[in-house]
Amino acid sequence: MGADSQTKTILCAKTPELIETANTDRKPEQSQTDLQRRAPTAENLAAELAQSDSTLSGAQFEKALQTCSNVVHEAEVDRKLKEIGAATPILPSEIGTDFNFKREIVWKNVVGFLMLHICGWVGLHLAFWRYCDYRTTLYTLWLMYASGQGVTMGAHRLWSHRAFKAKLWLRIILLWMHTLAGQNCLYVWVRDHRQHHKFSDTDADPHNANRGFFFSHIGWLLSKKHPKVIEYGKKIDMSDLEADPLIMFQKE
């Protein structure tokens, strides 16, 4: 997010550091009086930002940038402040939900999920009436458990939230279990889930709950993505997964 945003967040703790960096590298021929006249004190600038509860409007942010640009090495300070602004999280309230948006149904997904559920009911009937060998039933139950763990323990807890660390052998097993679930590749699963948490209940949320229970449960898989989902999905940090050759192998 650039400096032209309506809402900007600047960490006041960073301000003294930026001013100190600029003053440390000043040119020898510049007098201390001249520096004091041109540069605001760290305390004054920090106090100004603190009064705004560290949240500035677009105009206030521009003013803060202009004030800091008067420091000796204005280009460096300006760059650092803009970096802070660029790291500002996008608030869900800035995106919202457009209830007039018309979604386009992906019929091949509708047919696929319909057939999947029909086959599930047929399989349950065969298992219940003992038309299939008990070992097949046990194997099916094991597949259900294994694929579930691949999603919940692997894709969700390990890779989406980094709730724990896993050795190579466990990561391989969890990745294999996730593959059994058939819920897209792990890379896409994690990206969608991180995006869901970052932009919850907005048009940038892949399964926006504001569109109802059915949509947030399965409807989002039966229609094309909202343009906001595609736009903001590109801003999700996936560098940790991109550095993992196992995940990228499964993705390909």
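Residues are numbered from 1 along each chain as its sequence is written, and side-chain values use heavy atoms, with hydrogens and water left out. Because the model is predicted, local features need pLDDT of at least 70 and side-chain atom pairs count only at pLDDT 80 or more, while totals for chains, interfaces and linings use all residues.

Empty space comes first. Rolling a probe the size of a water molecule over the atoms shows where such space is left. The search runs on a 1 Å grid over the protein atoms alone: a cavity is a set of points where a 1.4 Å probe fits but cannot get out, whereas a pocket is an open set with protein on both sides within 12 Å along at least five of seven lines, and lining residues have an atom within 4 Å of a point. Grid points are joined across faces, edges and corners, and a volume is the space filled by probe spheres set on the points.

The largest pocket comes out at about 1,300 Å³. It is lined by 27 residues, with F113, L116, A181, G182 and Q183 the closest to its centre. Two or more lining residues come from each of helix 6, helix 7 (134–160), helix 8 (168–181), helix 9 (186–198) and helix 10 (213–217); helices here are DSSP runs (H or I, at least four residues), numbered from the N terminus. Helix 6 gives the most, with 7 residues. Sorted by class, the lining has 12 nonpolar, 13 polar and 2 charged residues, where Ala, Val, Leu, Ile, Met, Phe, Trp, Tyr, Cys and Pro count as nonpolar, Asp, Glu, Lys and Arg as charged, and the others, Gly among them, as polar.

On to charge pairs. The count comes to 9 salt bridges, each a side-chain nitrogen of Lys or Arg within 4 Å of a carboxyl oxygen of Asp or Glu. R194 pairs with D240, their closest N and O atoms being 2.7 Å apart. This pair links distant parts of the chain, with R194 in helix 9 and D240 in helix 12 (residues 239–242), 46 residues apart. R194 is buried at 15% relative accessibility and D240 partly exposed at 27% (buried means under 20% relative accessible area, exposed over 50%, partly exposed in between, with a 1.4 Å probe and protein chains only). Both residues also belong to a salt-bridge network with R162. A further bridge joins R191 and D192 (3.4 Å, N to O), and D192 is buried at 9%. In helix 11 (residues 227–233), E231 and K228 sit 3 residues apart, about one turn of the helix, and they form a bridge at 3.8 Å between the closest N and O atoms.

Finally, the surface carries a nonpolar patch made of V111, L114, M115, I118, V122, L126, F128, W129 and Y131, with about 980 Å² of accessible area together. Patches take residues with over 30% relative accessible area and no salt bridge, joining like charges within 9 Å and nonpolar side chains (Val, Leu, Ile, Met, Phe, Trp, Tyr) within 5 Å; areas come from the Shrake-Rupley method with a 1.4 Å probe, and for residues only the protein chains shown count as cover.
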